[in-house]
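Visitor: Could we go through this model together, beginning with the aromatic residues?

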Amino acid sequence: MIATYSYPQKSEWPKLLERPAEPAAQLEAQVKAILAQVCSEGDAGLRALTEKFDGRCPENLLSLAELEAGNAIPEELKAAIQLAAANIRKFHAAQVELPQPIETMPGVSCWRKSLPIEKVGLYIPGGTAPLFSTLLMLAIPAQLAGCREIVLCTPPNKNGEIDPTIRYTAALVGATKVFKVGGAQAIAAMAFGTESIPKVDKIFGPGNQYVTMAKQLVQMEGVAIDMPAGPSEVLVIADARANADFVAADLLSQAEHGADSQVILVSDSAEFVDKVQRALDVQLEKLPRKLMAAKALAHSKAIILRDLDEAMAFSNAYAPEHLILATANARDLAEKVENAGSVFIGDYSCESAGDYASGTNHTLPTNGFARSYSGVSLDSFLKKITFQELSAAGIAALGPAIELMAAAEQLDAHKNAVTLRLEAIRDGQH
């Protein structure tokens, strides 16, 4: 069962919008120590930390030669991964933008060009769930963008090996370097570089609270990250005619990610919420990750509001990572979405489709950051550089305005850079 709140006043919403919070001070100190050890000791520090946290350290951090072992996975799974890869590639390839020069005035031409980030680091969790799907979501747009180096860090299993499905996927998507290392120490290695692991320009990927804290801290050191990220979350808006079994399954699919995940059901029907509560009880008993999902449900909520417009207002205030619209007017309701990482429209658009194979990216902003951040896309692996070209006629036409503006800001050197050119044009030097 999840806690139910019936017709709360808007003054009560701020409390309902809160995410589960973990004390950060002690966590930050622990992660800072890990970052410092890797920064100062390189591979030796990395090995010591891997031994400490994982119980053993693989003989070789680098495991590129092991990728062929991924061929051991079933052919049916290979086909499923290839289907997902094709859809993800198709969706992200459509995001390619070609330069479009614009003449802002005669003789003044401006344009923007997309260029790949040279070295990117991908962190792929491999502990309780080896997330090969995240590798597809990150490496495929990195490939399409033209990133020269795609560095993968993922923790080994108890045998010191990388999960075979991750190995197969890494080979499929063209990872250039693969390392058997996880946790905050992997983030540190990609941020600072070690003897084995190259320093990268931007780090992507989800992880536990230590990984998340490490990403936030290295960002302060000048290493770019994909986005602030925390525990995964879903909000479902459902009306009385929705399928309670479908909705319960969607809530549980998110809850099984981890004990700190959060699921929210918002409905205009108390009777429907009761149906979902009963369906949750039945489905939860059948899950192998029952205990983890139950912990997530313990701090999740079902909220009954007066109508779907109010439900959408609540959702926009919450800014969920995933938003499912299980309503009769789902397409119309979707037009009112203002804040969400990714939206799933209608009874058959389960979040699992976006998590794996529909084509959209599942690396999304959490913890309310959907108010200001977008999910990972092709643009995440590109930098945008602007260009301009002025002819003599162009600077002659634009120059006087620049001179006036520079003088008004008391930046005489800026003004002089224009004045000298205008004088040269008047003197016939150009």
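**Aromatic pairs, core and sheet**

Guide: There are five aromatic pairs in the structure; rings of Phe, Tyr and Trp (its six-membered ring) pair when their centres lie within 6.5 Å, and planes under 30 degrees apart count as stacked, over 60 as edge-to-face and the rest as tilted. One of them joins Trp111 and Phe387, stacked at 5.6 Å centre to centre with 5° between the planes. The model is predicted, so local features need pLDDT of at least 70 and side-chain atom pairs pLDDT 80 or more, while totals for chains, interfaces and linings use all residues. Numbering runs from 1 along each chain as its sequence is written, and side-chain values use heavy atoms, without hydrogens and water.

Visitor: Where do Trp111 and Phe387 sit in the chain?

Guide: Trp111 belongs to strand β3 (residues 108–116) and Phe387 to strand β14 (residues 382–390), so the pair links parts of the chain 276 residues apart. Helices (H or I, at least four residues) and strands (E, at least two) are DSSP runs numbered from the N terminus.

Visitor: Moving on, how many residues has the largest nonpolar core?

Guide: That core has 34 residues, and Val120, Leu122 and Phe381 are among those with the most contacts inside it. Such a core is a set of buried Ala, Val, Leu, Ile, Met, Phe, Trp, Tyr and Cys residues joined through side-chain atoms within 4.5 Å.

Visitor: Which element gives the most to this core?

Guide: Helix α5 does, with nine residues. Elements that each supply at least two include α4 (75–93), β4 (119–123) and β5 (149–154).

Visitor: What is Val120 in contact with?

Guide: Leaving aside neighbours within four places in sequence, its contacts (heavy atoms within 4.5 Å) include Ala142, Ile150, Val200, Phe204 and Phe381.

Visitor: In what order do the five strands of the open sheet run?

Guide: The order is β6-β5-β4-β7-β8, with parallel pairing; strands pair if DSSP finds at least two bridges between them. Strands β4 and β7 (residues 202–204) share three bridges, and Leu122 stands opposite Phe204 of β7.

How values were computed:
Buried means under 20% relative accessible area, exposed over 50%, partly exposed in between (1.4 Å probe, protein chains only).
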